[in-house]
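Please look over the model shown below before reading on.

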Amino acid sequence: MQPSRTGMAKTNAKESKSEGLLHALEFLDRSEPAPLPRVVACFGPDEFLRRRAMQHAIALGQLDASLSRTFEGDESEWRDVHDELSTRSLFDSDGVRIVRLRSADKFVSKYRDSLERWIDKQSQEAVLLLDLQTLAANTNVYKLIRKHGWLISAAEAKDAELLAWILRWAKTQHGLLLTRPQGNVLVDRIGFVCGLIDCELAKLALFADERGHVEDAKVSELVGGWRTQTVWNLADRVAEGKIEDALEAIHSLVLAGQSIIGIAAQLSWSLRRYGVAAHTVEQMERMGNARPQLTQALERAGFRPFELGKAEKGLRRIGRVRAKEMLSWLLELDMQLKGSHSSEDRARMALESFLLRLADLRSAAARSAS
């Protein structure tokens, strides 16, 4: 499975090399220090790549990450973010302030005008890092960031590009010297889910010899396996309304030693594609397409060609309104897992509550239809 193009700016290899726009896989390979522009936007469905790209940007800028200030987009007001951007550091009067805005989609939408005016200023006293799931290429915010800053996309890449990144990342981050066939095992079994790939590489590193080599049989045995496949199937069960089956699968995974946080991350990514597809259909309609192509929206959301038939049925079962709501619910679940429900027991409660919420919604919709 691969994540979404999100219906936003396409990020193929040719475009990613154009001025102001890079793919995260390419950006993470940069090593030459470079002054940061006033705004850096990391957008796309792969949270691991977005987070790593933001960290890498700070490192390339040779800035002190410990002096940065982080805001949550859903809870922050523009006046507070702007005050932070306008305040010079007490510890380094000559330094550049770093303001990070996580989950910034709603914030950007709400304060679009103020943000556009700030980006268009000729000031280098502060750097704003925006973490977004989507960023439409036809918005002024996108165009201004491309003009004055960096756009770093965590959208889908081709399998060949993903394979090349896996081999590089395995070597530089985990001391692994994988062969191309071994790398292809991760591409085929996991797809474009870089956080999970990183976890699998860390696991393989435990079985590497002193030169960083791992036996083919060990790679085949350890990567993916029934637990990974079961998690991927969870999204299908949820889309089909089989919430009871999904809860039973989660119980089996927990008994097998799988982390609830890891299950939730994979499940959230897969379900998020339905939400992105629903928003893409709506965007097509706003642009004057009276009969948007559902298949095209699903492709932009990251479903592979062989998944489209099942995905279309799943989206129709979920319904557009519920699919759009799912994005907000997944964000709420993510915030719970990072905060009040970060322990395994409470994380499981939050995940199961999310699934039961979907079950209640489907039941209500069925009653209303009848």
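## Sheet, helices and cores

Cysteine 42 stands opposite isoleucine 152 in strand 6, and histidine 23 stands opposite serine 153 in that strand. The model is predicted, so that local features need pLDDT of at least 70 and side-chain atom pairs count only at pLDDT 80 or more, while totals for chains, interfaces and linings use all residues. Residues are numbered from 1 along each chain as its sequence is written, and side-chain values use heavy atoms, with hydrogens and water left out.

The secondary structure of the protein chain comes to 18 helices and six strands, where helices (H or I, at least four residues) and strands (E, at least two) are DSSP runs numbered from the N terminus. Of the 370 residues of the chain, 50% count as buried; buried means under 20% relative accessible area, exposed over 50%, and partly exposed in between, with a 1.4 Å probe and protein chains only. Among contacts (heavy atoms within 4.5 Å) between residues at least 6 apart in sequence, 77% join residues at least 24 apart.

The six strands form an open sheet in the order 1-6-2-5-4-3, with parallel pairing. Its edge strands are strand 1 (21-23) and strand 3 (69-72), each of which pairs on one side only, and the twist averages 20° from one strand to the next. Two strands are taken to pair if DSSP finds at least two bridges between them.

| Strands | Sense | Bridges |
|---|---|---|
| Strand 1 and strand 6 | parallel | three bridges |
| Strand 2 and strand 6 | parallel | four bridges |
| Strand 2 and strand 5 | parallel | five bridges |
| Strand 4 and strand 5 | parallel | five bridges |

Within strand 5, leucine 128 is the bridge partner of valine 39 and also of valine 99, whereas leucine 130 is the bridge partner of leucine 101. Helix 3 packs on the sheet, touching strand 1, strand 2, strand 4, strand 5 and strand 6 (150-153), and its direction makes about 170° with that of strand 5. Helix 6 (residues 112-119) also packs on the sheet, where it touches strand 2 and strand 5, and its direction makes about 140° with that of strand 5. Such angles run from 0 to 180 degrees between N-to-C directions, and axes are lines fitted to C-alpha atoms, for helices over the stretch in contact.

In a regular strand the side chains alternate between the two faces of the sheet. In strand 5, Ala126, Leu128, Leu130 and Leu132 point one way and Val127, Leu129 and Asp131 the other way, and all are buried. Because seven of the seven residues of strand 5 (residues 126-132) are buried, this strand is largely enclosed by the rest of the structure. Strand 6 is likewise covered on both faces, with Trp150 and Ile152 buried on one side and Leu151 and Ser153 buried on the other.

Valine 81 lies in helix 4 (residues 78-86) and is buried, with a relative accessible area of 0%. Leaving aside neighbours within four places in sequence, valine 81 is in contact with Phe71, Ser76, Val99, Leu101, Phe107 and Leu128. Valine 81 and leucine 128 are 47 residues apart in sequence and 9.3 Å apart in space, C-alpha to C-alpha.

A nonpolar core is a set of buried Ala, Val, Leu, Ile, Met, Phe, Trp, Tyr and Cys residues joined through side-chain atoms within 4.5 Å. The largest such core has 46 residues, and those with the most contacts inside it are Leu49, Trp165, Ile166, Leu201 and Leu204. Helix 3 (residues 47-60) gives the most to this core, with seven residues. Apart from it lies another core, of 41 residues, among them Ile243, Met284, Leu330 and Leu337.

Helix 16 (residues 308-318) and helix 17 (residues 320-338) pack at an angle of about 90°, with their axes 6 Å apart. Helix 16 and helix 17 are therefore roughly perpendicular to each other, a class that covers 65 to 115 degrees, with angles under 35 degrees counted as roughly parallel, over 145 as roughly antiparallel and the rest as oblique. At their contact, Leu315, Arg317 and Ile318 in helix 16 meet Arg322, Ala323 and Met326 in helix 17. By class, this contact has four nonpolar, no polar and two charged residues, where Ala, Val, Leu, Ile, Met, Phe, Trp, Tyr, Cys and Pro count as nonpolar, Asp, Glu, Lys and Arg as charged, and the others, Gly among them, as polar.
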